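User: I'd like to learn how to read a structure like this one, feature by feature. Can we go through it together?
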Amino acid sequence: MIKLEDVSKIYKGEHIALRDATVEIEKGEFVFLVGSSGSGKSTFLRLLNRAEIADKGVIYVAGKDIGSLPSYRVPYLRRNIGTVFQDFKLLPNKTVYENVAFALEAIGRPKSAIREAVPQILDLVGLGRKDGSYPHELSGGEQQRVSIARAFINRPLILLADEPTGNLDPATSVGIMKLLDRINRTGTTVVMATHDRGIVDTMRRRVIELDRGRIVRDQARGVYE
Amino acid sequence: MAGSFAIRLAASTNEQKGSGPDLVAIRLDYVAKETGSNLVRNITLTLASVLTVAIALAFVGVSYLIGVGIEGSFGGLQSDVRMFVYMNPTATQDQIDSVRKALEKSPQVDSIVFLDQAETYKEFKRLFKDQPDFVESIDPKELPQSFRIKPTSTDSEVVSAVGKQFEDLPGVYRVEYASKLASDIKRSLDTLNGWITKFGLALIAVSVMLIFNTIRTAVFARRREIEVMRLVGASNWFIRLPFIVEGMVQGLIGAIVASGLTWSFDVLWKRNFVNQRGLDLLNNITWESSNLWIAVFTVLTVGAVAGAIGSGVAVGRYLRV
């Protein structure tokens with residue numbers, strides 16, 4: 001599903017964010033990216049949906065070399081990759097329903113399809129009754145559920161999560177992880193960057209550890225350290 | 001297993017491809033809604049852009065009409081044409097050709113233009129359009145063909161000395177000299193109108209910059225939406241189009257106001273100056289209603305294009321997709 005061959009990313013010609021990374025992630029896997037701040041976790045994720053372009057090496061997503069994708073094709077790549085962030089990135093002037101619907105409007109889906117899909121996905125993430133609320137009226141956990149709903153509404157092949165529990169208390173984080181696990185079990189590959197030791201140690205999934213841009217550990221059913 | 005999912009990805013992207021170019025897939029109501037809310041959101045900047053476009057294009061429209069009027073009222077007189085050689089209506093082609101040769105050979109002649117009977121008649125009709133009976137009574141064949149001559153010197157004595165050389169050539173009816181005063185007036189009016197045009201063009205440049213700035217601000221105001229749109233895979237044109245349309249709408253609204261101003265100028269000018277006594281200089285400067293339509297059409301086109309350029313550059317610069 002995802003394959004990196006000797007991938008390096010260097011910012012401003014000096015800071016090496018990722019160094020000769022070679023790794024393969026199978027379809028349906030759940031992978032934790034761990035490492036201290038600045039170790040290259042976010043860069044790793046940003047390379048996968050072509051928010052960044054690798055300076056060296058080749059990245060395959062679903063068998064396609066995404067580095068050679070012309071820029072007008074990039075949106076179509078992103079339709080197959082959902083993304084979730086620590087800060088949710090919800091639009092404050094739109095309701096829960098509108099925030100999720102926006103993901104479908106933006107790719108030109110017809111209104112009828114949107115009216116059908118949005119309530120379904122809101123039920124899935126457990127926010128069926130909050131569709132008219134605005135983000136500032138929701139708790140952090142609820143906001144993250146909205147952002148997951150938005151990321152998953154297209155049933156992407158891959159879900160990228162950059163510290164999705166970084167702003168949440170432990171109890172709320174558990175709920176979010178259950179949701180991501182459920183999404184993973186539908187066959188979606190999940191790659192999640194995290195600092196949350198408890199979560200990694202509890203879930204016992206594949207762990208890839210980065211240190212100053214290098215992959216220093218790649219362990220099936222691993223722990224945080 | 002990766003292979004089958006590659007196919008799934010390929011199939012889903014092909015499906016997008018099959019639905020035609022990005023532009024077609026974008027719903028018009030979406031673009032209209034987004035453009036509308038952007039225009040309202042930045043109302044002060046939008047008004048500044050629209051008003052500048054309106055003033056700029058009004059100058060362009062009016063200067064075009066005045067330019068047409070000046071050309072008409074001075075009978076196609078080029079400010080440098082100082083001498084006319086009229087041929088007899090009965091002059092033979094040989095006679096005309098030999099006069100042309102003599103003119104071309106003369107070192108004091110800079111350039112010549114020949115008006116045949118058809119062109120002369122056209123101009124004659126225009127000059128006397130208020131007297132259709134008179135125009136009716138004239139047969140085009142009775143009109144003299146003529147050469148319009150731009151001498152190398154503007155000194156009237158030198159010019160008349162040059163003219164004397166051609167008076168006695170066979171077939172020549174007579175030689176006439178443009179009044180220096182008329183030429184000078186026309187030259188002044190041309191200069192004045194040239195400045196109006198330049199001022200209008202400079203203001204168009206200012207309008208483009210203002211529209212550029214308005215769109216840049218709009219892009220900045222909507223950066224969160226844009227980020228999310230990129231994230232969920234909105235096509236580049238889906239993100240850009242509302243901004244470009246916004247710029248074009250600003251240009252067009254300005255152009256519509258400018259068209260109104262140009263039209264008002266047309267009405268006021270014709271009511272107050274044309275064919276009024278006591279304003280010898282101005283009452284001949286007029287134009288056809290077709291010229292007004294050309295002016296309006298040009299103003300609208302330039303407005304839309306200026307808007308598209310301003311917003312297109314802003315989007316290209318500040319909207320990385």
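Predicted model: local features only at pLDDT ≥ 70, side-chain atom pairs only at ≥ 80, totals over all residues.

User: Okay, how many helices and strands does chain A have?
Analyst: Chain A has seven helices and ten strands. Chain B, for its part, has twelve helices and four strands.

User: And how do I read burial and surface for the two chains?
Analyst: A residue is called buried when its relative accessible area is under 20%. In chain A, 55% of the 225 residues count as buried, and the accessible surface comes to about 9,600 Å², with 46% of that area belonging to carbon and sulfur atoms. For chain B, buried residues make up 41% of the 321 residues. The accessible surface of chain B is about 16,900 Å², and carbon and sulfur atoms hold 63% of that.

User: What share of the contacts in chain A joins residues 24 or more positions apart?
Analyst: Take the contacts in chain A with a separation of 6 or more: 69% of them are between residues 24 or more positions apart. In chain B, among contacts between residues at least 6 apart in sequence, 83% join residues at least 24 apart.

User: Now the sheets. What is the strand order in the open sheet of six strands in chain A?
Analyst: Read a sheet from one side to the other, strand by strand. Here the order is S6-S7-S8-S3-S9-S10 in chain A, with mixed pairing. The edge strands, each pairing on one side only, are S6 (81-85) and S10 (214-219) of chain A. From one strand to the next, the twist averages 15 degrees.

User: Which strand is joined to S3 of chain A by four bridges?
Analyst: That's S9 (residues 206-211) of chain A, which runs parallel to S3 (residues 30-34).

User: What about the open sheet of four strands?
Analyst: In chain A the order is S2-S1-S4-S5, and the pairing is antiparallel. S2 (15-25) and S5 (64-65) of chain A are the edge strands, each pairing on one side only. Seven bridges join S1 (residues 2-11) of chain A to S2(A), and A:Val7 has A:Ala21 as its bridge partner in S2(A). H1(A) turns up here as well, lying across S1, S2 and S4 (56-61) of chain A at about 120 degrees to S1(A).

User: How should I describe a pair of aromatic rings?
Analyst: Give the distance of the centres and the angle of the planes. Searching the whole structure turns up eight aromatic pairs over all chains. One of them is A:Phe30 with A:Phe32, a tilted pair with 5.2 Å centre to centre and 55 degrees between the planes. Both A:Phe30 and A:Phe32 are buried. Over in chain B, ring pairs link B:Phe265, B:Trp269 and B:Trp287 into a cluster.

User: Last one: where do charged ends sit over rings?
Analyst: In chain A, the charged end of A:Lys89 sits over the ring of A:Phe85, 4.8 Å from the ring centre. In chain B, B:Arg100 places its charged end over the ring of B:Phe114, 5.3 Å from the centre.

How values were computed: Residues numbered from 1 in each chain as written. Chains lettered and ligands numbered in written order. Heavy atoms only, no water. Helix = DSSP H or I, 4+ residues; strand = E, 2+ residues; numbered from the N terminus. Buried < 20%, exposed > 50% of the residue type's maximum accessible area, 1.4 Å probe, protein only. Contact = heavy atoms within 4.5 Å. Areas by Shrake-Rupley, 256 points an atom, 1.4 Å probe, with all protein chains shown as cover. Phe/Tyr/Trp six-rings, centres within 6.5 Å; stacked < 30°, edge-to-face > 60°. Lys NZ or Arg CZ within 6 Å of the ring centre and 35° of its normal. Pairing = 2+ DSSP bridges. Axes fitted to C-alpha atoms, helices over the stretch in contact; angles between N-to-C directions.
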